[in-house]
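I opened this entry to record what I looked up, one item at a time. The sequence and the model come next.

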Amino acid sequence: MKTPNMKAIVYKSYGAPEVLQLTEVARPTPKDNEVLIRIHATTVTSGDIRLRKADPFAVRFLFGLFSPKLQILGHEAAGVVEAVGSKVTRFRTGDRVFGSTGLGSGTYAEYICLPEDGALVTTPTQVSDEEAATLAVGALTALHFLKQAKLSAGKRILVHGASGSIGTAAVQIAKSMGAHVTAVCSTANVALLRSLGADRVIDYTKEDFLTVDATYDAIFSTVGRTSYAQSKALLNKGGVFLTSFAAPSDFVHMLGSKLFGGTRVIGGGAPDGSADLEHIRSLMDAGQLKAVIDRSYPLAANGGSAPVRGAGPQEGQRGDPRRRVGDHTAAPLLTMRLRILLKDSGVTPR
Ligand SMILES: NC(=O)c1ccc[n+]([C@@H]2O[C@H](COP(=O)([O-])OP(=O)(O)OC[C@H]3O[C@@H](n4cnc5c(N)ncnc54)[C@H](OP(=O)(O)O)[C@@H]3O)[C@@H](O)[C@H]2O)c1
């Protein structure tokens, strides 16, 4: 029997958003240990943009020297289980689920197969697919780092880059751990961070957090805009510096703290695990972790490239592409911070 097709956004070469093309490809078939998910919502993340542009160049060594080996982007999704492999026990057809593809990708499509023991859990009833889709990668990464900070009531943490996908999750998860949270962001996001529960918000366009009279048990640099060397004076004794996007000098300190001890400097990649995603699910269920969504686009909008090009944020406003980490060009792009959702509206298969 011929495998049915599905719609997907495919990129066959690295480059600007124009490389993304909405097309038809074969629908995947689940292996024994996999579930086939019909995707209702996915996101555009900073990771997708790095892969699309092969930025930094080292991306090519891992994901294809001349062209991308995995031609469908997208690392997190929410939807419904359409079919299960013969050995699957955790999920049943019809379950609402959300999760992450880990190092793989492929959620810019109508369907994806994911292993049942990967970062995949059922979606809480009161949480929409759009919300769930935004809370896999950012929240998993935030939780991975925050667990290592061993936060508890009364501990103080500063989250730098607090308005991004990792940052917004980090602020809420740190609050759920009982910590006092200081969030650093731009003016446009001050109210957002307050609404997420930050105890103190520092607008970096008006105030340098380094000069604010306060110290912390943990500093979490989510977007690489501060380094351990810059901020170590603000760390209390026994404090920890966490970074999901290490500045070059951080690598030296990460190695040093591993080899010689002293202040812990922790970076690297966050593993994808269903146990951590269960924790995130329970926070969502308890209303302690909420999705932050700037805007949504239909899958037919081709990965958000067209709307961002045509009606994107203006310079200086929230979402200004030129202020996105790792992307300083004025070219149209899929922004890193925007939790752009690619809803399935308009591309529902017959
Ligand atoms: N280690 C891992 O496992 C892992 C996993 C996922 C992602 N990452 C990496 O982590 C980084 C952050 O990811 P993300 O998804 O959270 O990014 P994101 O959603 O694109 O967030 C970017 C944020 O950076 C903030 N920002 C921009 N300039 C700033 C500045 N000068 N000072 C402070 N904040 C500034 C922006 O907020 P304002 O508008 O308020 O400035 C924006 O909200 C990316 O580089 C990504 O590749 C690492």
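I checked burial over the whole chain: 47% of the 350 residues of the protein chain count as buried. Buried here stands for 20 or more other C-beta atoms within 10 Å of a residue's own, exposed for 12 or fewer, and partly exposed for anything in between, with C-beta atoms placed from the backbone. The model is predicted, so local features need pLDDT of at least 70 and side-chain atom pairs count only at pLDDT 80 or more, while totals for chains, interfaces and linings use all residues. I number residues from 1 along each chain as its sequence is written.

Next I looked at the chain's elements. The protein chain has 10 helices and 15 strands; these are DSSP runs numbered from the N terminus, helices being H or I with at least four residues and strands E with at least two. I then took contacts, defined as two residues whose C-beta atoms, placed from the backbone, lie within 7 Å. Of the contacts in the protein chain with a separation of 6 or more, 67% are between residues 24 or more positions apart.

Strand E4 (residues 76-84) and strand E5 (residues 96-100) run antiparallel and are joined by 5 bridges. Alanine 78 has phenylalanine 98 in E5 as its bridge partner.

Last, I went through the backbone exceptions. Most residues other than glycine have a negative phi, and most peptide bonds are trans. Aspartate 55 and proline 56 are joined by a cis peptide bond with omega of about 5°. Proline 56 sits in the loop between helix H1 (46-53) and helix H2 (59-63). Alanine 54 lies in the loop between H1 and H2 as well, and has a positive phi of about 50°. Is alanine 54 buried or exposed? Alanine 54 counts as buried, because it has 20 C-beta neighbours inside 10 Å. Lysine 150 also has a positive phi of about 50°, and is found in the loop between helix H4 (137-149) and strand E8 (156-160). Lysine 150 is exposed, because 12 other C-beta atoms lie within 10 Å.

Technical notes: Pairing = 2+ DSSP bridges.
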